[in-house]
Amino acid sequence: MKRVPAHLPLWLKLVFTAFLLVMVPVYWVNYGPTNFLYFCDVSLLLCLVSVWTERRLPASMAAVGILLPQVLWCADFVGELCGHHLLGMTSYMFDENRSLFLRGLSFFHGWLPFLILFLVKRLGYDRRALPAWTLLAWALCLVAYFWLPPAGTVLPDPKIPVNINYVFGFDDAHPQTWLPAPLYLVGWMLTLLLVIYLPTHWALRRWLAPKSAGATEPATPSGQLAWERV
């Protein structure tokens, strides 16, 4: 029986796994376990699943969720580097109370989008990623809103994150005040879907349409969510 060659090179699997074997315990000790509820950290773990299983759905979910936000992260970092405060997403990268090694690990935000694009290009894009990631992201938002420290919380260790996934506004030091908190949360969740996830989903489908057209899609039940066909 003829063996089908792997889609992904072994060196990529080993290097990416080695990075996570270093990054995860270092982040756990310095930032605590709640840090892994950030969209970007969840996407790292989804990519690890795709790298080893060569299944396209986890990488596709990561693509829908964080390609655009990671572009904003890079722009914000360059702005901070040049002395211009844009969104404040990367202010922690210039915090001298954090070691250079700890801050250096966060540069994964810069190369992760390229890894994700490589994975979806090589494995294909799974259109189920839109509903799958949206439901996951909304669940993470609800967990952060109801059970994790809100913006403005002063913790004994300032490295422990608050306002995870910006569910209380874009300023970690102060919650937003221009909308009632529950209304802001709903608006934020809808904004993520309409402004980030849907455009990314459509762009990836268009980019990979020729390859995906010939790919075999898994059978779906008749009651599948209607927006899978978006």
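**Contacts, core and crossing**

Guide: Start with Tyr197. Apart from neighbours within four places in sequence, Tyr197 is in contact (heavy atoms within 4.5 Å) with Phe39, Val64, Gly65, Leu130, Trp133, Thr134, Ala137 and Leu192. This is a predicted model: local features need pLDDT of at least 70, side-chain atom pairs count only at pLDDT 80 or more, and totals for chains, interfaces and linings use all residues. Residues are numbered from 1 along each chain as its sequence is written, and side-chain values use heavy atoms, leaving out hydrogens and water.

Visitor: Why is Val64 called buried?

Guide: Buried means under 20% relative accessible area, with over 50% exposed and partly exposed in between (1.4 Å probe, protein chains only). Val64 has 0%, so Val64 is buried. Its place is in helix 3.

Visitor: What makes helix 3 roughly perpendicular to helix 6?

Guide: The angle. Helix 3 (residues 56-81) and helix 6 (residues 129-147) pack at about 65 degrees, with axes 8 Å apart. Angles of 65 to 115 degrees count as roughly perpendicular, under 35 as roughly parallel, over 145 as roughly antiparallel, the rest as oblique. Therefore helix 3 is roughly perpendicular to helix 6.

Visitor: Which residues of helix 3 and helix 6 make the contact?

Guide: Helix 3 gives Leu57, Ser60, Met61, Val64, Gly65 and Ile66. Helix 6 gives Ala129, Leu130, Ala132, Trp133 and Leu136.

Visitor: Which residues have the most contacts inside the largest nonpolar core?

Guide: Phe39, Trp133 and Tyr197, in a core of 59 residues. Helix 7 gives the largest share, 10 residues.

Methods: Axes fitted to C-alpha atoms, helices over the stretch in contact; angles between N-to-C directions. Helix = DSSP H or I, 4+ residues; strand = E, 2+ residues; numbered from the N terminus. Core = buried A, V, L, I, M, F, W, Y, C linked by side-chain atoms within 4.5 Å.
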